[in-house]
Amino acid sequence: MSTLRLALQMVLGIALPFALQRWDRRRLTPEQRAACWNGATWGAALYAFGPLSMLGWCWVTRGVQHGRPGARGSGPNVSRSVWHPYRARAVGARGSERFRALKALGLGAASAAALVLILSGVDYLFALALGLPP
């Protein structure tokens, strides 16, 4: 029975973040959707990190590098490099960019924590239904 619980945890660890990210992808703007992971990267992140892939998902879709259209640092020909505070200061970053970065990471951390709690709750209920020790 412990093998069945492990299989359930593995399946839910991939399926729950996939469902949430797929739902979120439908709600994104075209610019954010263009910045999303391709299929191979998306699958690798889900497989390797499970619920923790929400951190990367929120950073990629809502990070600082994806500003408003026409702003410096946004557009199709701009490198999608990772935001770095020292480089950003040299370019003239504002406090709003830092807030946006913290907001993206906070959203990712909160959604990952919520998914882990849901996963734990489903596993606990599954164990109770089968009469196994939690």
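## Contact of helix 1 with helix 4

Pro 17, Leu 20, Gln 21, Asp 24 and Arg 25 of helix 1 meet Ser 53, Met 54, Trp 57, Thr 61 and Arg 62 of helix 4. By class, this contact of helix 1 with helix 4 holds four nonpolar, three polar and three charged residues. The model is predicted.

## Geometry of the pair

Two packed helices are described by the angle between their axes and the distance between the axes. Here helix 1 spans residues 2-27 and helix 4 spans residues 53-62. Their axes come within 11 Å and cross at roughly 10°. Angles under 35 degrees count as roughly parallel, so helix 1 is roughly parallel to helix 4. The crossing of helix 1 and helix 4 is right-handed.

## Helix 3: two sides

Which residues of helix 3 are buried? Helix 3 covers residues 39-49, and its buried residues are Trp 42, Ala 45 and Leu 46. Seen down the axis of helix 3, these buried residues fall within an arc of 95°, so they line one face of the helix.

The other side of helix 3 carries exposed residues: Ala 40, Tyr 47 and Ala 48.

## Where helix 3 packs

What do the buried residues of helix 3 pack against? Their partners are helix 1 and helix 4. Helix 1 and helix 4 also meet each other, with Leu 20 and Trp 57 among the residues involved.

Notes
Residues are numbered from 1 along each chain as its sequence is written. This is a predicted model: local features need pLDDT of at least 70, side-chain atom pairs count only at pLDDT 80 or more; totals for chains, interfaces and linings use all residues. Side-chain values use heavy atoms; hydrogens and water are left out. Axes are lines fitted to C-alpha atoms, for helices over the stretch in contact, and angles run from 0 to 180 degrees between N-to-C directions. Helices (H or I, at least four residues) and strands (E, at least two) are DSSP runs, numbered from the N terminus. Angles under 35 degrees count as roughly parallel, over 145 as roughly antiparallel, 65 to 115 as roughly perpendicular and the rest as oblique. A crossing is left-handed if the near helix is turned anticlockwise from the far one by less than a right angle, and right-handed if clockwise. Contact means heavy atoms within 4.5 Å. Ala, Val, Leu, Ile, Met, Phe, Trp, Tyr, Cys and Pro count as nonpolar, Asp, Glu, Lys and Arg as charged, and the others, Gly among them, as polar. Buried means under 20% relative accessible area, exposed over 50%, partly exposed in between (1.4 Å probe, protein chains only). The arc is that of the directions from the helix axis to the C-beta atoms.
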